[in-house]
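Visitor: Got a model here to go through. Can you walk me through a few parts of it?

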Amino acid sequence: MASETRGRRSKVDLLPDPIRKKLDAGLRNGSIQQIDLLDEINALIKAAGLPEEQQLSRAGINRYATKMEAVGKSLREMREITQVWTAELGDKPTGEVTKLILEMARSQLFKALLNQDETGEGADVGMINDAMLAVQRLESAAMASHKREKEIRTAFAAEAANAAEKVAKTAGLTSDAVALLKREILGIA
């Protein structure tokens, strides 16, 4: 029987966006029982003038709810893992965080490809592509921020060096002592 439906979209997938969003919101909210949500969604389907065969069944809504809960659980776990690792890598260079994100993306791609082999459902390559593009943009923004921070530190060090030079000369230090001070303490040649 599974082979008969392989490649065919589910009734939920075929719902118009407003009805599907209402279904998704009802499932996420959890304050309404599935049977009541089913009645509400089927009433919306009927009101939209969709054919009778578009009506959802209890089994269909339960399968969809189970699938959505699995996706939600996976996202929650990924968020928790990300929080732990970003807390661990918070003061590390942005490249380390990017490596972590890329490793997570590889893991998700691997899972999607395994799922494709097991269920026959195609991997959502578009979503994976969008995620990788987002990672690239995040890395670019992080690098720009890092570069700007470095420029600010360099400017501050130059100002500090100038102030130190004035104070040192006023205190009677030689030019060589001022140069040593700038080089050793402030890191400026």
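Guide: One term to begin with: the expected span of a helix is 1.5 Å times one less than its number of residues. Note also that this is a predicted model.

Visitor: OK. How many residues does helix 3 have, and what does it reach from first C-alpha to last?

Guide: Helix 3 has 13 residues and reaches 18 Å between those two atoms, close to the 18 Å expected.

Visitor: Which residues of helix 3 are buried?

Guide: Ile19, Leu23, Asp24 and Gly26. They lie on the same side of helix 3, because they cover an arc of only 160° around the axis.

Visitor: And what does the face turned away from that side carry?

Guide: Exposed residues: Asp17, Pro18, Lys21, Arg28 and Asn29.

Visitor: What follows helix 3?

Guide: Glycine 30, with a positive phi near 75°.

Visitor: Switching topic. What makes up the largest nonpolar core?

Guide: There are 11 residues in the largest nonpolar core, among them Ile19, Leu23, Ile41 and Ile45. Helix 3, helix 4 and helix 5 each give two or more residues to this core. Helix 4 gives the most, with four.

Visitor: What is isoleucine 45 in contact with, sequence neighbours aside?

Guide: Beyond four places in sequence, isoleucine 45 contacts Leu15, Ile19, Leu50, Gln54, Gln55 and Leu56.

Visitor: Where is glutamine 54?

Guide: In the loop between helix 4 (34–47) and helix 5 (58–89).

Visitor: Buried or exposed?

Guide: Glutamine 54 counts as buried, because its relative accessibility is 16% and the cut-off is under 20%. Leaving aside neighbours within four places in sequence, glutamine 54 is in contact with Lys11, Leu14 and Ile45.

Conventions
Residues numbered from 1 in each chain as written. Predicted model: local features only at pLDDT ≥ 70, side-chain atom pairs only at ≥ 80, totals over all residues. Heavy atoms only, no water. Buried < 20%, exposed > 50% of the residue type's maximum accessible area, 1.4 Å probe, protein only. Contact = heavy atoms within 4.5 Å. Core = buried A, V, L, I, M, F, W, Y, C linked by side-chain atoms within 4.5 Å. Arc of directions from axis to C-beta.
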